[in-house]
Amino acid sequence: MLRTSTRSERNHFASVPTVLDRYLSTNAPGDIASVAAYIDHGATLVDATAVHALQGLRLPLHAKIAQLEESAHLRRRLELLATFFEEASRDGSAGTPAHREAAFALLYFLKGYDRIPDTVPEVGLLDDALIVQIVLQRHATTLRVHWLQRRRVWSSEL
């Protein structure tokens, strides 16, 4: 089971732009046309401030990912997105569609209170997994190239 966020994490999350923070918590029926549209709009809200905030949330993000004991597959996918986000932030690839969508997916996962709150037993991470899946599918080529350029093996299960 995932733990709830700490005061420190909430304080770090306070540095996420307000409009993005509210959007990540959107869960009223009818306020989102589709998951793809949700990701599209969410990625447009990822600006330099949001990137910086996510960089400040690196430790809580990795701690939450590490807690995914029941879903090794989701854990590996989130680790891949986190690695891509961090490396792209350093190597000048920040701001690309793949980088913004990876940041949005990671913030969505970290938020915990989203379309289906993570604390809901057995289904709380389904929405997170769907967001991650769509981002991975959309940017598979970019992510694979990024991975292979660093001489890493791309897992066929991703």
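Student: Let's start with E87. Which residues does E87 touch, not counting those up to four places away in sequence?
Tutor: E87 touches H146, R150 and R152. Keep in mind that this is a predicted model.

Student: Where is the place of E87?
Tutor: E87 sits in helix α6.

Student: Is E87 buried or exposed?
Tutor: Buried. Its relative accessible area is 12%, and buried means under 20%.

Student: H146 came up. Which residues of helix α9 are buried?
Tutor: Helix α9 covers residues 140-149, and its buried residues are A140, L143, H146 and W147. They span an arc of only 135 degrees around the axis, so they lie on the same side of α9.

Student: And what is on the face turned away from the buried side of α9?
Tutor: That face carries the exposed residues T141 and Q149.

Student: What do the buried residues of α9 pack against?
Tutor: They pack against α6, residues 72-91, and against α8.

Student: Take α6 and α9. At what angle do they pack?
Tutor: About 75 degrees, with the axes 11 Å apart. Roughly perpendicular means 65 to 115 degrees. That makes α6 roughly perpendicular to α9.

Student: Which residues make the contact?
Tutor: From α6, they are L80, L81, T83, F84, E87, A88 and D91. From α9, they are T142, L143, H146 and W147.

Student: How does the contact of α6 with α9 divide by class?
Tutor: It has six nonpolar, three polar and two charged residues.

Student: What follows α9?
Tutor: R151 follows α9, and its phi is positive, near 60 degrees.

Student: New topic: α7 and α8. How do their axes cross?
Tutor: Helix α7 is residues 97-111 and helix α8 is residues 126-138. Their axes come within 9 Å and cross at roughly 170 degrees. An angle over 145 counts as roughly antiparallel. Therefore α7 and α8 are roughly antiparallel to each other.

Student: What classes of residues are in the contact of α7 with α8?
Tutor: Seven are nonpolar, four are charged and none is polar.

Student: Which residues meet there, in α7 and in α8?
Tutor: On the α7 side, E101, A102, A105, Y108 and F109. On the α8 side, D127, D128, I131, V132, V135 and R138.

Student: Switching to rings. How many aromatic pairs does the structure hold?
Tutor: Six. One of them is Y38 with F104. Their ring centres are 5.4 Å apart and their planes are at 65 degrees, so this pair is edge-to-face.

Student: Where in the chain are Y38 and F104?
Tutor: Y38 is in helix α3, residues 35-44, and F104 is in helix α7.

Student: What about Y38 and Y108?
Tutor: They form an aromatic pair too, and it is edge-to-face. The centres are 5.8 Å apart, with 80 degrees between the planes. Y38 lies in α3 and Y108 in α7, so the pair ties together parts that are 70 residues apart in sequence. Y108 is buried, and so is Y38.

Student: Which residues form the aromatic cluster?
Tutor: Y23, Y38, F104 and Y108 form one cluster.

Terms used: Residues numbered from 1 in each chain as written. Predicted model: local features only at pLDDT ≥ 70, side-chain atom pairs only at ≥ 80, totals over all residues. Heavy atoms only, no water. Axes fitted to C-alpha atoms, helices over the stretch in contact; angles between N-to-C directions. Helix = DSSP H or I, 4+ residues; strand = E, 2+ residues; numbered from the N terminus. Parallel < 35°, antiparallel > 145°, perpendicular 65-115°, else oblique. Contact = heavy atoms within 4.5 Å. Nonpolar A, V, L, I, M, F, W, Y, C, P; charged D, E, K, R; others polar. Buried < 20%, exposed > 50% of the residue type's maximum accessible area, 1.4 Å probe, protein only. Arc of directions from axis to C-beta. Phe/Tyr/Trp six-rings, centres within 6.5 Å; stacked < 30°, edge-to-face > 60°.
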